[in-house]
Amino acid sequence: MAKLKTKIPDWIKKDVSLEQSNTFRIKTKTSYLAIVSNKKQLIKSLQWAKANSLPFFILGNGSNVLFAGKKYPGLIIRIRNNRIRKIDSQTIIVPAGIMLELLLGKFIKMEYQELEWVAGIPGTLGGAVYGNAGAFGNEMSQIVKKVKTINTETYKEKTYLSKDCQFKYRNSIFKKNKEIIWAVEIFIKKGKREKIIEQARENRNYKTQRGLFKYPSAGSVFKNIYAKEVAEKYRKQAKIQGGKISAGWFIDQCGLKGTKIGGAMISDFHANIIINFNQATAKNILDLISFCKEKVFKKFKIKLQEEVIVIHY
Ligand SMILES: Cc1cc2nc3c(=O)[nH]c(=O)nc-3n(C[C@H](O)[C@H](O)[C@H](O)COP(=O)(O)OP(=O)(O)OC[C@H]3O[C@@H](n4cnc5c(N)ncnc54)[C@H](O)[C@@H]3O)c2cc1C
């Protein structure tokens, strides 16, 4: 490791395992890890990485990433902040580092509805806005009013109106620019507490019953396919939801459920989920990803696209 030019801030730790920082539970390490809870720490961390010519990566809860290397050669920055502020009767401002389930808990306490669909999604708000996460026909874009960011080069703050976030299916402008999502203004709507709890429970139970929490995974590996891109004969056989066909349907049609490479397996409960059933390596998972892509392309002439973000180092 090259000699550092500036002193390590005390919130940055050296040589840290990332096994508990990714839901695939891949055993990998990072040279440096910063857990930041305020803007000053975030900007100082970015400046420190720059001063020492180190790459950096912003991590939420690591539930949509695959770390594909032995040791990240730079600084992983995790944002952890939970304090929400009410602006008016229609809006609250929420820090990006809050876990979605914790936010849902706060919504239930305050009797706000329309976040029940995040039950069982083990990510942060920042990660969910970045990828426009969604479930049960809902997605982040529907509740976001504004996104407040910090630029990773100029450290300047900026506010994006929802219409400028370029939200699309599992996509947003933040996948392209150099902004860190710091806080999000969310629309709120009063509801009945019992109803909200019941709906959240139902959504979580659905995922539990499908076996989603039994083994380490990162949820869906591939993006679903727009039905219009699919040959008509398959469109007739597959279930179309919101104009899309589940990527899992194509993988399942190739008979790949249960296929194993090393400790990784295409789950037998959902073909779009790869699980770490026994000490899988990132390579095991990457090999299964390639295998799925190859088989689906051969049979359907469709190019599967990863939803999971692969970080090579
Ligand atoms: C059991 C399980 C169930 C899941 N169910 C769903 C589901 O129903 N729907 C769904 O959409 N997803 C689902 N996922 C995937 C995942 O939980 C979501 O995509 C989640 O929103 C990712 O958030 P995260 O904080 O873990 O992001 P991470 O995985 O940490 O990061 C993902 C990307 O976001 C970027 N990022 C994170 N925070 C910020 C920030 N503050 N500013 C800028 N960039 C940032 C990272 O750099 C990275 O590129 C599931 C995953 C699991 C394991």
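The legends below accompany close-up views of a predicted model.

Residue numbers start from 1 along each chain, following its sequence as written. Because the model is predicted, local features require pLDDT of at least 70 and side-chain atom pairs count only at pLDDT 80 or more, whereas totals for chains, interfaces and linings use all residues.

**View 1. The chain as a whole.**
The chain holds seven helices and 19 strands, where helices (H or I, at least four residues) and strands (E, at least two) are DSSP runs numbered from the N terminus. Its C-alpha trace spans about 60 × 50 × 30 Å along the principal axes. The radius of gyration of the chain is 20 Å, which agrees with the value near 20 Å for a compact globule of 313 residues; this radius is taken over C-alpha atoms, and the globule rule is 2.2 Å times the number of residues to the power 0.38. Of the 313 residues, 40% count as buried. A residue is buried if 20 or more other C-beta atoms lie within 10 Å of its own, exposed if 12 or fewer, and partly exposed in between, with C-beta atoms placed from the backbone. Among contacts between residues at least 6 apart in sequence, 63% join residues at least 24 apart; two residues are in contact if their C-beta atoms, placed from the backbone, lie within 7 Å.

**View 2. The shell around the ligand.**
The ligand is surrounded by 32 residues, the closest being Gly60, Gly123, Gly126, Gly127 and Gly219. At least two residues of the shell come from each of β3 (56–59), α3 (125–130), β8 (134–135) and β12 (179–187). Helix α3 provides the largest share, four residues. By class, the shell comprises 18 nonpolar, 14 polar and no charged residues. Here Ala, Val, Leu, Ile, Met, Phe, Trp, Tyr, Cys and Pro count as nonpolar, Asp, Glu, Lys and Arg as charged, and the others, Gly among them, as polar.

**View 3. The open sheet of five strands.**
Five strands form an open sheet in the order β6-β7-β12-β10-β11, with antiparallel pairing; two strands pair if DSSP finds at least two bridges between them. At the edges lie β6 (85–88) and β11 (157–161), each pairing on one side only. On average, neighbouring strands of this sheet are turned by 25° against each other, direction ignored. Axes are lines fitted to C-alpha atoms, for helices over the stretch in contact, and angles run from 0 to 180 degrees between N-to-C directions.

Strands β6 and β7 (residues 91–95) run antiparallel and are joined by three bridges, with Ile93 of β7 as the bridge partner of Arg85. Five bridges join β7 to β12, again antiparallel, and Ile92 stands opposite Ile186 in β12. Strand β10 (residues 144–151) pairs with β12 in the antiparallel sense over seven bridges; Val147 has Val184 of β12 as its bridge partner. Strand β12 is mostly covered, with eight of its nine residues buried.

An open sheet of three strands has the order β16-β17-β18, with antiparallel pairing. Its edge strands are β16 (260–261) and β18 (274–276), each of which pairs on one side only. Two bridges join β16 to β17 (residues 264–266), and Ala264 in β17 is the bridge partner of Ile261. Helix α7 (residues 282–300) lies across β16, β17 and β18 and runs at about 25° to β17.

Conventions
A residue is near a molecule or strand if its C-beta atom, placed from the backbone, lies within 6 Å of it.
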